[in-house]
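Subject: Two-chain model, handover and notes

Hello,

Here is the structure I said I would pass on. My notes on it follow below.

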Amino acid sequence: MRGQQAVALLHDLGYSNVRDYRGGIADWVESGQPTESATETAAPEPDPRATMLDGPPLAASQSGVAGRGPARLSRMGQFDKSMLDLVQQRSTWQLFVIWIGTILLSGFCYWLGAYLGKRGLLEGGVVVGADLKGFASAVYFSFVTATSIGYGDIVPVGGARVIAVAEAIAALLIFGAVVAKFVSHRQDELVSEIHRITFEERLDRVETNLHMVISEMLAITAMCEAKAPPNRISTRLESAAILFSGELRTTRDLLYQPRLAVEEGVLGGILASLTSALNVLADLLACLPPGFPRSQPTEITLERLTVLAEEICGECVPHSYTPRLVFWMDRIQAAALRLK
Amino acid sequence: MASEVNAAAVADTSGTHEISREELVRRLHDSSLTIVDVLPQASFVEEHIPGALNLPLEQVASRARELLPDFNAEIAVYCGKFT
């Protein structure tokens, strides 16, 4: 739709050869074509065609891209990293099964030695046989070795010693991983819980602040209608606008780069408050007499507010949201147009 | 107010003037085709077709001439989602 509008507009402006790429950036990315981000075009040799219209890119977008890089493991070798990945990918339960499997497999190896007629295990100086009782003894010995208990009632001889050493090392490592996994799982849960609580508190604060902004702006509008001195209005407008733009930025970043899922109701509430705050602000600005002395910070903040609000619309956010949220986003954009 | 103008203009040209992805890919490095991203700047900063210019829809009227000096140049416009 935006594309079509743009084509029509350019056509009206006198451009004769304008065409619309219907699929847009979504189709482009989906078909696996390369894209650029503005941080790339800011390289020493910028493509002259990739001109940015509005000066440097937004700081928030940049830091967001940079912050997404993989965690660096400079001092850790490739081997350690791959081992860590191996452990990381398995669940605690899977690791435990691997541990038991190692013990049973080793037990079977001891028994196989006896079955093939080799001297593998000795119990009280007597060779453990290849029968069922012998198999039970082999598994028992395997457990005693793997858990590093080592009673010594059964001892390995010959080739079985090699298996016993390898088993002891492997089983201890795996068991260590099981324990570590178990502990870290609890820790991860706690950390994500803390994240969630902080995030929800932040959302609450956004809503509270927006309500404050609305009531403050209504108060200023009343002052304005009562023809209060401009300098009193000016200072209050300045602080309200700054608070407003901060919360607007938070909401915009939330829509562009959601770190955690937000409940639709909560997000809808914030968007609705934003819409009414923007409308109240537009009314307030309309009430101010022409030539009203606005301080420089106010000018800059109002400009930033408009840009931020324009960036909130159903079609321009990079994620898809429910129709209700899209409705509010479009209302925000419409309100932003009133600020111009 | 501006949206009324847009809506009327869309009715005039809808269904015509399209460019396919294939052509766009083929002519990506062709300097006779100018690619224009009409999404907001934040979206452009995050991701855009290589070599594209950024001209947010809201600024088309005010800044088109500055950015696209040649009225006869071939221009391909794109936005965010399937329309």
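Predicted model: local features only at pLDDT ≥ 70, side-chain atom pairs only at ≥ 80, totals over all residues.

Leu288(A)

A residue is called buried when 20 or more other C-beta atoms lie within 10 Å of its own, and exposed when there are 12 or fewer. Leu288(A) has 17 such atoms within 10 Å, so it is partly exposed. Its C-alpha atom is 8.5 Å from that of Glu225(A), although 63 residues separate Leu288(A) and Glu225(A) in sequence.

The two chains

Chain A has 340 residues, of which 30% are buried. Its secondary structure comes to 12 helices and 4 strands. Among the contacts in chain A with a separation of 6 or more, 70% are between residues 24 or more positions apart.

Chain B has 83 residues, and 39% of them are buried. It contains 4 helices and 4 strands, in the pattern α-β-α-β-α-β-α-β along the sequence. For contacts in chain B between residues at least 6 apart, 38% join residues at least 24 apart.

Where the chains meet

The contact between the chains takes 51 residues from chain A and 52 residues from chain B. On the chain B side, the elements that give two or more residues include helix 1 (2-13), helix 2 (21-26), helix 4 (60-67) and strand 4 (74-78). Helix 3 of chain B gives the largest share of that side, 6 residues. By type, the chain B side divides into 30 nonpolar, 13 polar and 9 charged residues.

The shared sheet

Which strands make up the open sheet, and in what order? There are 5 strands, in the order 1(B)-1(A)-4(B)-2(B)-3(B), and the pairing is parallel. Strand 1 and strand 3 of chain B are at the edges with a single partner strand each, so one side of each has no neighbour in the sheet.

Strand 4 of chain B pairs with a strand from each chain. Strand 1 (residues 18-21) of chain A is joined to strand 4 of chain B by 4 bridges, running parallel. In that pairing, Tyr21(A) has Tyr78(B) as its bridge partner, and Asp20(A) stands opposite Val77(B). Strand 2 (residues 33-37) of chain B is joined to strand 4 of chain B by 5 bridges, also running parallel. Here Leu33(B) is partnered with Glu74(B), and Ile35(B) with Ala76(B). Of the 5 residues of strand 4 of chain B, 4 are buried, so this strand is largely enclosed by the rest of the structure.

Helix 1 (residues 2-13) of chain A lies across strand 1 of chain A together with strand 4 of chain B. The angle between helix 1 and strand 1 of chain A is about 175°.

Cores

The largest nonpolar core has 70 residues, and the members that touch the most others are Ile332(A) and Val77(B). Helix 10 of chain A supplies the largest share of this core, 9 residues. Apart from it lies another core, of 10 residues, among them Trp111(A), Ala114(A), Val128(A) and Ala164(A).

What does Val77(B) contact, leaving aside its neighbours within four places in sequence? From chain A, the contacts are Gly3(A), Ala6(A), Val7(A), Val18(A), Asp20(A) and Tyr21(A). From chain B, they are Val36(B) and Val38(B).

Helix 9 of chain A

Helix 9 of chain A covers residues 230-256, 27 residues in total. At 1.5 Å a residue it should span 39 Å, and its end C-alpha atoms are 37 Å apart, which agrees. Its buried residues include Ile233(A), Leu237(A), Phe244(A), Leu248(A), Arg252(A) and Tyr256(A). Glu247(A) is also one of the buried residues. The buried residues of helix 9 pack against helix 8 (159-225), helix 10 (264-287) and helix 11 (296-310) of chain A, and against helix 3 (41-46) of chain B.

Regards

Key:
Residues numbered from 1 in each chain as written. Chains lettered and ligands numbered in written order. Expected span 1.5 Å × (residues − 1). Contact = placed C-beta atoms within 7 Å. Nonpolar A, V, L, I, M, F, W, Y, C, P; charged D, E, K, R; others polar. Pairing = 2+ DSSP bridges. Core = buried A, V, L, I, M, F, W, Y, C linked by C-beta atoms within 7 Å. Axes fitted to C-alpha atoms, helices over the stretch in contact; angles between N-to-C directions.
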